[in-house]
Amino acid sequence: MVPKVKGSRPVCQWLELLGDRDSPFYRKLDGLYGDGEALTRQAAQVCLRALEAFGESYGWDRSTIVARATGRVNLMGMHIDHRGGSVNPIAIKEVYLIAEARDDDVVMLRNVESEEFPQETFRIGDCLPKRKVENWDAWCHDELEKRRNDASVTWSNYVRAAVLYLQHLNTRDDGTFAPALRGMNAMVCGNVPRAAGLGSSSSIVVATAEACVRINNLAMDPMEFVDACGYGEWYVGTRGGAGDHAAIRFGKPNSVLHIASFPLTVQAVPFPHGYKIVMANSLVEARKRSGARDAFNSRVASYIFGLIMVRRSFPQHAPKLQHLRDLNPKTLGVDEIQIYRMLRSLPESVNREQVLGLLPEREAEVRHVFRSHAEPREGYRIREVCMYGVAECIRAEMAAERLK
C-alpha cells in the first residue's frame, strides 16, 4: 500500500478543478501569471493535456500530484553564474509533470509527445553504486563515458539527474539510503521550445525534483533545492551553474530576477511598465548530447584555466580572486588598465598539450577538466573567453541597477 502523498488527488478530480474557473487550482494559476489571462489559459491547456495523457496511460482514479516548472530567457549574464557572476532572467512557458508515487524505486516515464520521447523506465538503486558517491563530479564523468554509446538512454537523463542527486544527498557513507526514495509513474507535457537555449532541459530537472521531494516528503529549503537541481544536472554532462534552475523556481509575473551566485541570492526587479519583450524562435538547435555540450564545457574549461593562470601570474591579487567575477577594478582595488594587463597576460589560443605545459603543477586538475569535453579544434581561446566573462559579470550587475 503506497502512503498517500500530501496534496495528491485522483486524476479525475484534478480535471474537475481545471474545468472550474473559480476553483482553488485556477486561483493558483492566476497568482502565478498575474494579470496575464491568456497565459493562464495557455498554462491550463498544457496541464490538461498532461492530466488526460496520464489518465489514459495509467488510470483516471490514480492519486497524483501536479508539479510545474517553466523555461527561461536570460536577458543579461550569459553563462556566467558558474563563474560567480549574476544573471537576469525571466520565466517563460511551462512544463507539467503528473506523478503517482510507487511502493518501489522504479521510475516510469512517459511523455505526451511519445513518438519523439518514448517511454523509459529505470530503478534508482540500479543507477547508483553500492557505496556513497564520494565525488559527484567525477562520478558523473564516469557515468557519461559509460553511456556515451548507449542510444537507449535519452530524455530520461534529465529525470535521472534530479532523482539520483536527491538520492545521493540521502545516502549514508556505507551506501545505505536514508531514506530510500520511492519511484513514480510520471507523464510530462510542456511547450518550452527544445534545444533553443530556453532551459527546456532544466525545466525537466526542476519539475522532476519538485515531484520527487513531495512524493518522498523531503525537507529542503528553496535555495538548497535550487543547488540540488544545478549539481544534479551535471549528470547529463554539462557543467553549468544553478542560475537556470533558480529562474525557473523563483520566476514572478512582471519581474526580472537578479540571481547572484556564491552564495545564491534572488531578487525580483520590476519590469519597466510600458515595455514588452519579444521572443523569436530561430529554430537553430543546440542539442546537449552532441557538439553543443563540448562547446559549452570547453568554454567553462577556458574560464577555469584562465583564472588559475591569472592567480599565478599576479600572486598579490590571488587571495581576492576566488571566482572570475572578482577580476574587476572594484574587488581588486586597481584601475581598468591593470585589469586589461591581467587579461592580456593570458594566451590567445592553446591546445591541451600547451595547457599542461603552462600548468604542470595542476596536471591532475587540468586532466579532470579535460574529461568533460572533446578537445576544441581551434584550441582553448582563453583570453577571449575570459575577456567576455569578466565584462559580462560587470554588465549583469549593471543591468539590474538600470532596471531599478
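Modeller: Start with two terms. Two strands pair if DSSP finds at least two bridges between them. Strands are DSSP runs of E with at least two residues, helices are runs of H or I with at least four, and both are numbered from the N terminus. What you see is a predicted model, where local features need pLDDT of at least 70, side-chain atom pairs count only at pLDDT 80 or more, and totals for chains, interfaces and linings use all residues. Residues are numbered from 1 along each chain as its sequence is written, and side-chain values use heavy atoms, with hydrogens and water left out.

Biologist: How many helices and strands are in the protein chain?

Modeller: The protein chain has 15 helices and 8 strands.

Biologist: In what order do the strands of the open sheet lie?

Modeller: The order of the 6 strands is β1-β2-β3-β6-β4-β5, with mixed pairing. β1 (9-10) and β5 (120-123) are the edge strands, each pairing on one side only. Strand β2 (residues 63-74) joins β3 through 9 bridges and runs antiparallel to it. Ala67 stands opposite Leu97 in β3 there.

Biologist: Which strands pair with β6, and in which sense?

Modeller: Strand β3 (residues 89-101) pairs with β6 in the antiparallel sense over 7 bridges. Strand β4 (residues 106-111) runs parallel to β6, joined by 5 bridges. Look at Ala186 in β6. It is the bridge partner of Ala99, and Leu109 also stands opposite Ala186.

Biologist: Why is strand β6 largely enclosed?

Modeller: Learn the cut-offs for burial. Buried means under 20% relative accessible area, exposed over 50%, and partly exposed in between (1.4 Å probe, protein chains only). In strand β6 (residues 184-190), 6 of the 7 residues are buried, so the rest of the structure largely encloses it. Across the 404 residues of the protein chain, 52% count as buried.

Biologist: Which residues of the largest nonpolar core touch the most other members?

Modeller: In soluble globular proteins, nonpolar side chains tend to be buried together. A nonpolar core is a set of buried Ala, Val, Leu, Ile, Met, Phe, Trp, Tyr and Cys residues joined through side-chain atoms within 4.5 Å. The largest one here has 64 residues, and Leu97, Ile124, Trp136, Trp139, Leu164 and Met184 touch the most other members. Helix α7 (residues 200-215) gives this core its largest share, 9 residues. Apart from this core lies another of 32 residues, including Leu307 and Met309.

Biologist: What does Ser202 touch?

Modeller: Contact means heavy atoms within 4.5 Å. Ser202 is found in helix α7. It counts as buried, at 1% relative accessibility. Not counting residues up to four places away in sequence, Ser202 touches Glu233, Asp244, His245 and Ile248.

Biologist: And where is Gly237 found?

Modeller: Gly237 is in the loop between α8 (222-232) and α9 (243-250). Gly237 is buried too, with a relative accessible area of 3%. Leaving aside neighbours within four places in sequence, Gly237 is in contact with Leu144, Arg293, Asn297 and Ser372.

Biologist: How many aromatic pairs does a search of the whole structure find?

Modeller: A pair of aromatic rings is described by the distance of the centres and the angle of the planes. Rings of Phe, Tyr and Trp (its six-membered ring) pair if their centres lie within 6.5 Å; planes under 30 degrees apart count as stacked, over 60 as edge-to-face and the rest as tilted. The search finds 11 aromatic pairs. Tyr231 and Trp234 are edge-to-face, 5.2 Å centre to centre with 85 degrees between the planes. Tyr231 is partly exposed at 36% relative accessible area, whereas Trp234 is buried at 18%. Phe305 and Tyr380 are also edge-to-face, at 5.5 Å and 80 degrees. That pair links distant parts of the chain: Phe305 lies in helix α10 (residues 291-313), and Tyr380 in the loop between α14 (363-370) and α15 (382-403), 75 residues apart. Phe305 and Tyr380 are both buried.
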